[in-house]
Amino acid sequence: MEGIKETNFQFPNQQDFYRGKVRDIYYFSDLLVMVASDRISAFDVVLPRAIPFKGQVLNQIASKFLKATSDIVPNWISASPDPSVSVGLKCDPYQVEMVIRGYLAGHAWREYRDGKRTLCGVSLPDGLKENDRLPSPIITPTTKAKEGHDEDISREEILAQGIVAENEYEQLEAYTQALFARGTEMAADQGLILVDTKYEFGKLNGEIILIDEIHTPDSSRYFYKEGYEERQQNNEKQKQLSKEFVRQWLIENGFQGKEGQEIPEMSDEVVNSISERYIELFEKVTGESFEKDGNQNLLDRIENNITNYLQNR
């Protein structure tokens, strides 16, 4: 089965269309329809092959966690008319992503390993090992790049450049900490550690709204809680559920998104193994069984479900 590489629908009263790294977004006067395709990106590059069921995994995890955190901060989603589709409020997005880290992993570890002790204006103590728990969660924001790489930025730079007003940025920080705490609790219930994640926010009628996806494998990193301490003490790699395994496969095959590097060939075996890892992550993170819906033309199904929703709302 092939995944959904892209959609090219035309709906009545559609005003605009935007294709992101993973999502295809259809804009209407008062709402947007977000289709989670099966595209996969790493190092800010979209890889050549789609991963079957990946979009469904992302959409359904995000829907679950948005519903579970709506008491903390209002969010954009109002309906999910298809396993791969969310419909909701059209907000004006803030031009920063709120990355929060409870552990020294991934990008933060690579920076630390290379000698940096300040990340996005946050000081880190000496003597930490990869995947160590940080003294307390730290927020390491990035700019939102329309193309190319998101860039690390400090709180001070955000305020100095007027990207976000100080009172609003303080609210974004508070929401980020509260969402991470809730996500940490929900992960622990499933035997997982929420290592790091990112949140995106927008504004509508003067109100801050949580937008995009949350706590999915594309936006978050999870470790298995069982055996975490033992693995750290023995300097072993952590058993994790995240997209990091895709990045590692690319690194091992000579690709880190740098100029002149070629994306390695993705065999059917590689594509299927990534798909299975995403499904494993869905089931582990949500505690629910994943239902594959691959018995019909996926594009027809998605288009029909969106059309029916728009006609009947």
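How many residues does the hairpin use to join E1 to E2? It uses 3 residues. This is a predicted model.

**Strand pairing**
- Strand E1 (residues 16-19) runs antiparallel to E2, and 4 bridges join the two.
- Arg 19 has Asp 24 in E2 as its bridge partner.
- E2 also pairs with strand E3 (residues 31-36), antiparallel, over 5 bridges.
- Tyr 27 has Leu 32 in E3 as its bridge partner.
- A hairpin through 3 residues joins E2 to E3.
- E2 itself (residues 23-27) is mostly covered, with 4 of its 5 residues buried.

- Glu 6 forms a salt bridge with Arg 19, with the closest N and O atoms 3.7 Å apart.
- Glu 6 sits in the segment before E1 and Arg 19 in strand E1, 13 residues apart.
- Glu 6 is partly exposed at 39% relative accessible area, and Arg 19 is partly exposed at 31%.

- Asp 218 and Lys 54 meet in a salt bridge at 2.9 Å, N to O.
- Asp 218 lies in the loop between strands E15 and E16 and Lys 54 in helix H1, so the pair ties together parts 164 residues apart in sequence.
- Asp 218 counts as buried at 14% relative accessibility, and Lys 54 counts as buried at 0%.
- Lys 64 forms a salt bridge with Glu 288, the closest N and O atoms being 3.1 Å apart.
- Lys 64 lies in helix H1 and Glu 288 in the loop between helices H7 and H8, so this pair ties together parts 224 residues apart in sequence.

**Network**
- Salt bridges with shared partners join Glu 6, Arg 19, Asp 24 and Arg 39 into one network.

Methods. Residues numbered from 1 in each chain as written. Predicted model: local features only at pLDDT ≥ 70, side-chain atom pairs only at ≥ 80, totals over all residues. Heavy atoms only, no water. Buried < 20%, exposed > 50% of the residue type's maximum accessible area, 1.4 Å probe, protein only. Pairing = 2+ DSSP bridges. Salt bridge = Lys/Arg side-chain N within 4 Å of Asp/Glu carboxyl O.
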